[in-house]
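This briefing concerns one protein model, shown below.

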Amino acid sequence: MFSRLVPALVLSLPLAATADAPPQQFADLGDVHLESGAVIKDCKLGYRTIGTLNAARSNAVVFLPWHTGTSAEAVELLGPKGLLNTAGHYVIVIDAIGNGVACSPSNSATQHGTAFPVFTVRDMVESEFRLLNDKLGIKHVHAIVGYSMGGTQTFQWLVSHPGYMDVAVPIAGTPRQTSYDLLFWRTEEAAMLVDPEYANGEYKQNPRLPLYHQIFAMHFDTPTYRSAKTKPAEVEKFIAKTVEPDPDAADANDSRWQIRAFLTQDIGDDAAGKVKARVHIINPRQDLIVNPEPALAFARKVRATTTVLEGDCGHSAVVCATDQIRAAVDRALK
């Protein structure tokens, strides 16, 4: 769902992007055993790298994209005027399970569509650890930074592999779902399931899912922001633009399977005692997609520093508060 917003986001950011994006790479993990006992067969994770690993191997920074976000989309939001200034770092941007580039319902040859196993955020993090540690030979990283679902994975990294990073910076992520978060994601899933084009996940062509995208658009910004940006007479045009067919939209089952991972996410009541890294938590105060309260409560437990984005943009603070986010990330990484 977020992928249809990325072109607008990229145009909104005055990035000094390089002419050529770093090449797409893949790591073959073979069979990935999930905490449920199920197995993803022939799983590959995608990734892209920016910069060079220094001689001390101390400048690696992992960036984890949002729900169904890809490394190709994410690198467009990085750079000297983006979310993360990559200068001096060896940045590894990972395509997570279920994003349509890594092993996913949409691209699995043997477990296609609804036959793909249900996975959790913890499973996503374990596969990322295998990519970094086993396949790339990186035994420790300076930092893990993630936005939205990537931020939620960053919280899980703090618990699953607490000594693996020096610094963790979750942006608009959460350590656990609130009842409002669950209501939002279950409503999104329900909008899929009632759509005849979705056909219970057995569709032949990626469904348009207009209600699904309209619900997301309604929550991506705050009421104040949307009212200021869209006049009442322009609402129909805004809705039409929001739900128009998008050939580049994320596959519906990929979206749903990552939503299912979101729905079960909770790093546990004993998580704070496991944290070893320095933590800087960034959350928009008025986020209607990822409730900021669990993240800010966790910050108090682990004595993390925080940046609370007070504007009216909500989850779309990735655009409205890019400079503030980058400055906070830069301080945390130093």
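Ser148 is buried, with a relative accessible area of 5%; buried here denotes under 20% relative accessible area, exposed over 50%, and partly exposed in between (1.4 Å probe, protein chains only). The model is predicted: local features need pLDDT of at least 70, side-chain atom pairs count only at pLDDT 80 or more, and totals for chains, interfaces and linings use all residues. Residues are numbered from 1 along each chain as its sequence is written, and side-chain values use heavy atoms, with hydrogens and water left out.

**Backbone: positive phi**

- Most residues other than glycine have a negative phi.
- Ser148 has a positive phi, near 60°, in a residue other than glycine.
- Ser148 belongs to the loop between E5 and helix H4 (149–160); helices (H or I, at least four residues) and strands (E, at least two) are DSSP runs, numbered from the N terminus.
- Ala172, which is not a glycine either, has a positive phi of about 55°.
- The position of Ala172 is in the loop between strand E6 (165–171) and H5, and its relative accessibility of 1% places Ala172 among buried residues.

**Aromatic rings**

- A pair of aromatic rings is described by the distance of the centres and the angle of the planes.
- Rings of Phe, Tyr and Trp (its six-membered ring) pair if their centres lie within 6.5 Å; planes under 30 degrees apart count as stacked, over 60 as edge-to-face and the rest as tilted.
- The count by this rule is 10 aromatic pairs.
- Because Trp66 is in the loop between strand E3 (60–64) and helix H2 (71–75), while Tyr147 is in strand E5 (residues 141–147), the pair ties together parts 81 residues apart in sequence.
- Both partners are buried: Trp66 has a relative accessibility of 3%, and Tyr147 has a relative accessible area of 2%.
- Phe129, Trp157 and Tyr164 make up one aromatic cluster.
- Arg260 sits over the face of Trp257, 4.6 Å from the ring centre; the criterion is that NZ of Lys or CZ of Arg is within 6 Å of the ring centre and within 35 degrees of the ring normal.

**Helix packing around H6**

- The axes of helix H6 (residues 210–220) and helix H8 (residues 235–243) come within 8 Å and cross at roughly 120°; axes are lines fitted to C-alpha atoms, for helices over the stretch in contact, and angles run from 0 to 180 degrees between N-to-C directions.
- H6 is therefore oblique to H8; angles under 35 degrees count as roughly parallel, over 145 as roughly antiparallel, 65 to 115 as roughly perpendicular and the rest as oblique.
- The crossing of H6 and H8 is right-handed, a term for a near helix turned clockwise from the far one by less than a right angle, with anticlockwise giving left-handed.
- Pro210, His213, Gln214 and Ala217 of H6 meet Phe238, Ile239, Thr242 and Val243 of H8.
- H5 and H6 have axes 8 Å apart and pack at an angle of about 155°, which means that H5 is roughly antiparallel to H6.
- On the H5 side, that contact involves Tyr180, Phe184, Thr187, Glu188, Ala191 and Met192, and on the H6 side Leu211, Tyr212, Ile215, Phe216 and His219; contact means heavy atoms within 4.5 Å.
- Buried residues of H6 include Tyr212, His213, Ile215 and Phe216.
- The buried residues of H6 pack against helix H5 (179–193), H8 and helix H9 (252–263).

**Buried positions and their contacts**

- Thr154, in helix H4, is buried at 0% relative accessibility.
- Beyond residues up to four places away in sequence, Thr154 touches Leu64, Ile144, Val145, Gly146, Ala168, Val169 and Pro170.
- Leu209, in the loop between H5 and H6, is buried with a relative accessible area of 3%.
- Not counting residues up to four places away in sequence, Leu209 touches Met192, Asp195, Tyr198 and Ala252.
- Leu209 and Pro245 are 36 residues apart along the chain, and their C-alpha atoms are separated by 8.9 Å.
- Ala328, in helix H12 (residues 322–333), is buried at 1% relative accessibility.
- Leaving aside neighbours within four places in sequence, Ala328 is in contact with His280, Ile282 and Thr307.
- Ala328 and Leu83, 245 residues apart in sequence, are 9.4 Å apart in space, C-alpha to C-alpha.
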